[in-house]
Amino acid sequence: MNAVNLQADSAPAPAPGTGALLEVRDLSVVYESVGAAPVQAVDHVSFSVGAGEFIGLVGESGSGKSTLGFAATRLQKPPARINGGQILFGGSDIRELGEEALREQRQGGFAMVLQSGMNALNPVRTIRNHFVDIFKAHGHVSRDRWDARMAELVEKVGLTPQVLARFPGELSGGMRQRVSIALALSLEPRLMVFDEPTTALDVLVQHAIMDTITELQQSEGFTAILISHDLGVVLEATQRVLVMHEGRIVEDAPSRDILERPQDPYTRMLLSHYADPRAAVVELPGFPSRANRGTAPVSGTTTSVPTATSASSESGKASSRAGRSAESAVIVDAVSKIYPPPRRGESAVTAVDDVSFTLEPGQSLALVGASGSGKSTIAKLITGIEKPTSGAVRFGDLDVAQLNRKGIRNLHKNVQMIFQDPYAALNPLHTVEYTLTRPVVNFTGLKGDAVRRRVLELLETVGLSPVEQFAAKLPHQLSGGQRQRVVIARALASDPQVLIADEPVSMLDVSLRAGVLALLEDLREQWGVSMLYITHDLLSARLVTDNIMVLNQGRVVERGETAHVLQHPQDPYTIQLLDAVPNPARAKR
């Protein structure tokens, strides 16, 4: 990302009462759910934003940053309630506005871009209809200019007018986020609030979206607040950073001061969780030092490199019971997967194009690439969810595509998935114990008290202790890191030989990622499982894998020993991925 705004050492926060566009004074927001104790999510927060300024609001999940963003634009919904303070926009307190006056204020006033482009858009309405709804609601664009204005807006965010005829489900994540930005721009706002606009996007799309936001902020001249848990992304884009922790702003300083002279321990902790995947030794808090692993680079099919470091205490206590070591290799042999044309007149989609590799027993292999590169399609082919158009996928002596229902069931006992989103991967109505009991019963044949002992043992294995307390919890009572540990425990319940980890830390805060990665590393060593680690995050790939394979548009463009490939990339696409990794040190330069 272009560090275009770091010259703003001299851009201190506007003093209260000096004409700031947005001035928040002693604001508090409480969540009051029926049957639960009130939770003070925002606690007496004050800050100001000057006209044309671009600031960042950083904090981990639960810090109150998104609640503050919603409250500052009067978008908070029950059970959230503002219980103190003022929100001055252009000198007027918008807390005092009624619903109709607030709606009028949004046109030419303020707008918000939400975190998930898919959730922010109506899946059964075309993109054109989304614009029409806004134009009708606010009446600021005459009907005869609707089409021209829509085309102008989507072109501003790097899309073509043809996207207007599409439904949200036909667009990629990055395209949906660009549409959300265009819809917000249609109100011609003076203030734009971006709430985690790049979460769960791959690094290349994230890079492009942030470039689009910074360019629009400069060309359109609006004031912007970027809310994110990723301090690296914020530092590369913004002039000033507000760091939020437990409902309070603990630091407010120009971006360069945050980089060079962070004052609060929490800010220093956030900065400590960034590292360069190209370094000779990669070290993060909660994860052991990682020097170069393995031997020489590999070509063709990858080979096993059985060296490792032990995981830190962050990974939790390991179970006394070790799983059975992997015995069978996963062989992907000249596999291609072609999907039919999504629409009449369009071309077929080649998701995977002549890919070959071998995941040897006990090996860890990273499958790296941007969205649409074919990573997840390969996971579906290995697990039998999809069948290859050509080529073969074998687990040991079994041809996965030829397996019947019973064969697929036996395959899933040995090959298990760790899913990306721990919030969506768990049934909110089931306790942790019930979630783990089902695979234990289905795959191990244990009965009675042995099932519960196995469940508690799995919880101990993934570091959730005291195990009896965690067994009784529902997913909403767990943090994001704890939920992901439950997802990992469920994958281990069948004593698998292979774990396919599909972006297992992309939805987690930076301080949680190292612990989950250390857990995966520890489990791989102690249980002897093979691991296919699917990711766009090159830093995490460097930490937990022996070898790496880089995919671009369904084809393998580079492969070899992980440290060697990342330190000496040969393909331009690998170099592009490395350059897009958020890096506070690069922002400083």
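Predicted model: local features only at pLDDT ≥ 70, side-chain atom pairs only at ≥ 80, totals over all residues.
## Overall composition

The protein comprises 21 helices and 22 strands. Of its 589 residues, 55% count as buried. Among contacts in the protein with a separation of 6 or more, 70% are accounted for by residues 24 or more positions apart.

## The six-stranded sheet

An open sheet is built from six strands in the order E6-E7-E8-E3-E9-E10, with mixed pairing. Its edges are strand E6 (110-113) and E10, each of which pairs on one side only. From one strand to the next, the twist averages 15°.

## Strand E3 and its neighbours

Within this sheet, strand E3 (residues 54-58) pairs in the parallel sense with E9 over four bridges. E3 also runs parallel to E8, to which five bridges join it.

Five of the five residues of E3 are buried, so the strand is largely enclosed by the rest of the structure. In a regular strand the side chains alternate between the two faces of the sheet. In E3 both faces are covered, with Phe54, Gly56 and Val58 buried on one side and Ile55 and Leu57 buried on the other.

Strand E9 (residues 240-245) is mostly covered, five of its six residues being buried. Its pairing with strand E10 (residues 248-254) is antiparallel and extends over six bridges. Two of the facing positions are Arg240, which stands opposite Pro254 in E10, and His245, which stands opposite Arg248 in E10.

The hairpin of E9 and E10 has two residues between the strands, and Glu246 takes a positive phi near 50° there. Glu246 has this positive phi although it is not a glycine. At 62% relative accessibility, Glu246 counts as exposed, because the cut-off for that class is over 50%.

Six of the eight residues of H1 are buried, so the helix is largely enclosed by the rest of the structure. The buried residues are Lys65, Thr67, Leu68, Gly69, Ala71 and Ala72. After H1 comes Arg74, which has a positive phi near 55°.

A further helix, H10 (residues 265-272), lies across E3, E9 and E10. H10 runs at about 105° to E9.

## The crossing of H13 and H14

Two packed helices are described by the angle between their axes and the distance between the axes. For helix H13 (residues 432-444) and helix H14 (residues 449-461), the axes come within 9 Å and cross at roughly 115°. That angle makes H13 roughly perpendicular to H14. The crossing of H13 and H14 is right-handed.

H13 contributes Val432, Glu433, Leu436, Thr437, Val440 and Val441 to the contact, and H14 contributes Val451, Arg452, Arg454, Val455, Leu458 and Leu459. By class, the residues of this contact divide into eight nonpolar, one polar and three charged.

## Cis peptide bonds and a buried positive phi

A cis peptide bond joins Pro78 and Pro79, with omega at about 10°. Pro79 is placed in the loop between H1 and strand E4 (80-89). The peptide bond from Ser465 to Pro466 is also cis, with omega near 5°. Pro466 lies in the loop between H14 and helix H15 (467-471).

Asp495, although not a glycine, has a positive phi of about 55°. Asp495 is found in the loop between helix H16 (480-492) and strand E19 (498-502). At 11% relative accessibility, Asp495 counts as buried, because that class covers values under 20%.

Methods: Residues numbered from 1 in each chain as written. Heavy atoms only, no water. Axes fitted to C-alpha atoms, helices over the stretch in contact; angles between N-to-C directions. Parallel < 35°, antiparallel > 145°, perpendicular 65-115°, else oblique. Left-handed = near helix turned anticlockwise from the far one by under 90°. Contact = heavy atoms within 4.5 Å. Nonpolar A, V, L, I, M, F, W, Y, C, P; charged D, E, K, R; others polar. Buried < 20%, exposed > 50% of the residue type's maximum accessible area, 1.4 Å probe, protein only. Pairing = 2+ DSSP bridges.
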